[in-house]
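Please read the report below alongside the sequence and the coordinates. It goes from the whole chain to single residues.

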Amino acid sequence: MHILLAPDSFKESLSAKQVAEALKKGFKEALPEATFDLLPIGDGGEGTMDTLAGILNLTKKHTQVTGPFGQPVSMSYYQKDEIAFFEMASLVGLGSIPAEKRNPLELETRGIGELILHLVDQGVQTICVGIGGSATNDGGIGMAAGLGVAFYDDQGHLLRPVGASLGRVARIDTNAVPKTLQNIELQILTDVTNPLCGSQGATYIFGGQKGLNPLLFPAVDQAMQDFYQLADARILSMAGAGAGGGMAAGLVAFAGGHISSGIEKSLDLIDFDRKVQRADVVVVGEGRMDQQSLSGKAPVGVAKRTPAGIPVIAICGSLGDDLPSFPSHNISAAFSIVPGPCQVSEALENAEKNLISCARNIGQLLKI
């Protein structure tokens, strides 16, 4: 039996690679003759680039850019020949901003634009940007400033390029943006399809988890809408533009980017369609599978690309009450690794052990 293991990370617990290795260990105990393909994946969320780097043998590099509080920081990226990969979260990831300093309207994303220009100067032709897990809600205004865009209020004063300034922008000057930026292909990888504004947009859906007071949602959402009416009105009807606190919108409007499904692009890069042909069983997984997972997250993305006749099993940290009965979305069955009632901290701490045990038990079923 040949088993293809293609899990996403279990956030706050295990990387996708660690999940795949734990699954292999459990299945191997039950099925010692089985062979495996380990294809840990990401869907554009935090950790996607680290996962791809391991499979594609990318070289990790660093360069100095402006940090979230205006200070110089070293930002990482991956490169192979003329293609580069980086994550927004490596600069302004929610997990890297202390809780007491989380203010999505004041944090700077200028460093992302600076990194893009650095990559262009290095001769990179294609840039893939993962924009999950961010702590900002600035519509990409900071990133645009890093590219050379200047923003002015109605009195002609230069504005600080942060989310709090969006509603005050009256004039946008792009004259300082290098013409060489037009020569690259910029792919924006995301695992969400939320629009920029409205009840399903960046502010209302993701602002709260980033520390934004819900009382501010209407004003912030209106400021974002007013800004893009001026900058590029077509963005307001674009699926996925709300990803990364509107960073997707900014990358499209100011850097010529194209929004892509993170999981689809990841599967293309790792040559999934060829490798899955050998599989007798495909195993997917993530920390929590719920109704949101069915709208394009990694497990369903893998399942949709798996040919008919090859069963797909989901092994997850937990399963939401809002999931449909399986089989559904090309997933044959879904299992939670948690053996019984426990605290979240306990489940996170024991994730590896529980993964091994669950995979072993499913392996015994596959033997029958």
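What radius of gyration would a compact globule of 368 residues have, and what does the chain have? The rule gives a value near 21 Å and the chain has 21 Å, so the two agree. The radius is taken over C-alpha atoms, and the globule rule is 2.2 Å times the number of residues to the power 0.38.

This is a predicted model, in which local features need pLDDT of at least 70 and side-chain atom pairs count only at pLDDT 80 or more, while totals for chains, interfaces and linings use all residues. Residues are numbered from 1 along each chain as its sequence is written, and side-chain values use heavy atoms, with hydrogens and water left out.

**The chain as a whole**

The C-alpha trace spans about 75 × 45 × 35 Å along its principal axes. The chain has 13 helices and 15 strands; these are DSSP runs numbered from the N terminus, with helices being H or I of at least four residues and strands being E of at least two. Of the 368 residues, 54% count as buried. Buried means under 20% relative accessible area, exposed over 50%, and partly exposed in between, with a 1.4 Å probe and protein chains only. Among contacts (heavy atoms within 4.5 Å) between residues at least 6 apart in sequence, 70% join residues at least 24 apart.

**Helix H2 and the residue after it**

Helix H2 covers residues 48–56, and its buried residues are Thr48, Met49, Thr51, Leu52, Ala53 and Leu56. Their cover includes helix H1 (16–30), strand S4 (72–80), strand S9 (185–190) and helix H9 (262–269). Thr51 has a relative accessible area of 12% and is therefore buried. Not counting residues up to four places away in sequence, Thr51 touches Ala16, Pro40, Ile41 and Gly42.

Asn57 follows H2 and is found in the loop between H2 and strand S3 (59–66).

**Gly245**

Gly245 is in helix H8 (residues 243–255). Leaving aside neighbours within four places in sequence, Gly245 is in contact with Ser134, Thr136, Asn137, Asp138, Gly139, Ala202, Lys210 and Met224.

**Backbone exceptions**

Most residues other than glycine have a negative phi, and most peptide bonds are trans. Asn57 has a positive phi near 55 degrees. Asp271 also has a positive phi, of about 60 degrees, and is not a glycine; Asp271 lies in the loop between H9 and helix H10 (272–275). The peptide bond from Phe326 to Pro327 is cis, with omega near 10 degrees. Pro327 lies in the loop between strand S14 (318–319) and strand S15 (333–336).

**Cysteines**

How many disulfides does the structure hold? It holds zero disulfides, where a disulfide is a pair of cysteine sulfur atoms within 2.5 Å. For Cys358, the closest cysteine sulfur is in Cys316 at 9.2 Å, which is too far for a bond.

The table gives the accessibility of some residues.

| Residue | Relative accessible area | Class |
|---|---|---|
| Gly245 | 1% | buried |
| Cys358 | 10% | buried |
| Cys197 | 14% | buried |
| Asp271 | 33% | partly exposed |
| Asn57 | 62% | exposed |
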